[in-house]
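Q: Please take a close look at a single part of this model and place it in its surroundings.

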Amino acid sequence: MTQLRRLPLVRASVPETATLGDAALELTRAGVPAIAVLDTLERVRGVFTSEGLLRGWYPPYLAELRHTAFLDDDAMLAERADEVRGEPVRPYVERVEPLDGGDSRVHAAERFLHAKVDALPVVDEGRFLGMLSIGALCAATVEHLAGSQEPQDGS
């Protein structure tokens, strides 16, 4: 059984005191669909996701519109960014139960099937190790299974 701590984890996080602007930058730089939001002891308080970024960075009224052709994208986005960049990230954080570094790939897969996020934090003794994405879990599983297949006789 491969423990999650041995899989490729991305150490992507912001402190719970971060601004929406700080969290947005870290999320886009990290290359994973969610980053951890940590307290001062590196315990996970939640995750900031692409959905959180959309809810914060874009005007709330977009959900009510059917067509946006009449909007000036650049002006609207610049104005909205100025309004929210310094806001706390907390209202945009999703609460999740972290995975444990000793958990198996099967347990992680089960959790992803029930979660509404595409990356979950992995912890060891409550402290953040990194983010595990569905993509990284699937890639590690395929690599493991491909490497464990025996060649067939006569093929």
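Q: Which residues does T49 touch, not counting residues up to four places away in sequence?

A: This is a predicted model, in which local features need pLDDT of at least 70, side-chain atom pairs count only at pLDDT 80 or more, and totals for chains, interfaces and linings use all residues. Residues are numbered from 1 along each chain as its sequence is written, and side-chain values use heavy atoms, with hydrogens and water left out.

Leaving out residues up to four places away in sequence, T49 touches L27, P33, A34, E94 and V117; contact means heavy atoms within 4.5 Å. T49 is buried, with a relative accessible area of 7% (buried is under 20%, exposed over 50%, partly exposed in between, with a 1.4 Å probe and protein chains only). A polar atom of the T49 side chain lies 3.3 Å from the backbone nitrogen of E51.

T49 belongs to strand β3, residues 44-49; strands are DSSP runs of E with at least two residues, helices runs of H or I with at least four, numbered from the N terminus. An open sheet of four strands runs in the order β1-β2-β3-β4 with mixed pairing, where two strands pair if DSSP finds at least two bridges between them. β1 (13-15) and β4 (93-94) are the edges; each has a single partner strand, so one side of each is left without a neighbour in the sheet. Helix α2 (residues 50-57) packs on the sheet, touching β3 and β4, and its direction makes about 70 degrees with that of β3 (axes are lines fitted to C-alpha atoms, for helices over the stretch in contact, and angles run from 0 to 180 degrees between N-to-C directions).

How values were computed. Polar contact = N/O pair within 3.5 Å; in protein donor to acceptor, adjacent residues only side chain to side chain.
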